[in-house]
Amino acid sequence: EEPIPVTVSFKCIPHVGMNERVFTMRLGIRTGDNAPQPILRIIKKEEHDEQMGKELAERVRQKLNGITVAVGTYASK
């Protein structure tokens, strides 16, 4: 009669060469289909994305030795 956990923590290296991170995920149950299905959603996903983007930009800056690295979105006309 143990309760279902509310969150699950997952430690991994999100991309080759990046620092190890801990993602905390919220556990939910989808009930719309024939059988219930567990669903995991990363808590503060946008914050993780931003931190990983900054880490990547810093790694590129270090490799390029002083060349300006712009972080943002790009679109072609």
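Student: Glu 58 first: how does it count, buried, exposed or partly exposed?
Tutor: Glu 58 counts as partly exposed, because its relative accessibility is 39%, which falls between the 20% cut-off for buried and the 50% cut-off for exposed. Keep in mind that this is a predicted model.

Student: Which element does Glu 58 lie in?
Tutor: Helix α1 holds Glu 58. That helix covers residues 45–64.

Student: And how far is Glu 58 from His 15, in sequence and in space?
Tutor: In sequence, 43 residues separate Glu 58 and His 15. In space, their C-alpha atoms are 15 Å apart.

Student: OK, now Glu 55. Where is that one found?
Tutor: Glu 55 is in helix α1 too.

Student: Buried or exposed?
Tutor: Buried: the relative accessible area of Glu 55 is 13%, and the cut-off for buried is under 20%.

Student: What does Glu 55 touch, if I skip residues up to four places away in sequence?
Tutor: With those skipped, Glu 55 touches Met 18, Asn 19 and Arg 21.

Student: Let's zoom out. How many helices and strands does the protein have?
Tutor: There's 1 helix, plus 3 strands. Going along the sequence, you get β-β-β-α.

Student: Why would you call the protein more spread out than a compact globule?
Tutor: The globule rule gives 11 Å for 77 residues, but the radius of gyration is 18 Å, well over that, so the protein is more spread out than a compact globule. As for dimensions, the C-alpha trace spans about 60 × 35 × 20 Å along the principal axes.

Student: What percentage of the residues is buried?
Tutor: Buried residues make up 14% of the 77. Glu 55 is one of the buried ones.

Student: Charges next. How many positive and negative ones, and how far apart are their mean positions?
Tutor: The protein has 12 positive and 10 negative charges, and their mean positions are 8 Å apart.

Definitions and conventions: Residues numbered from 1 in each chain as written. Predicted model: local features only at pLDDT ≥ 70, side-chain atom pairs only at ≥ 80, totals over all residues. Heavy atoms only, no water. Helix = DSSP H or I, 4+ residues; strand = E, 2+ residues; numbered from the N terminus. Rg over C-alpha atoms; globule rule 2.2 N^0.38 Å. Buried < 20%, exposed > 50% of the residue type's maximum accessible area, 1.4 Å probe, protein only. Lys, Arg positive; Asp, Glu negative; His and termini not counted. Charge placed at Lys NZ, Arg CZ, Asp CG, Glu CD. pLDDT = per-residue confidence, 0-100. Contact = heavy atoms within 4.5 Å.
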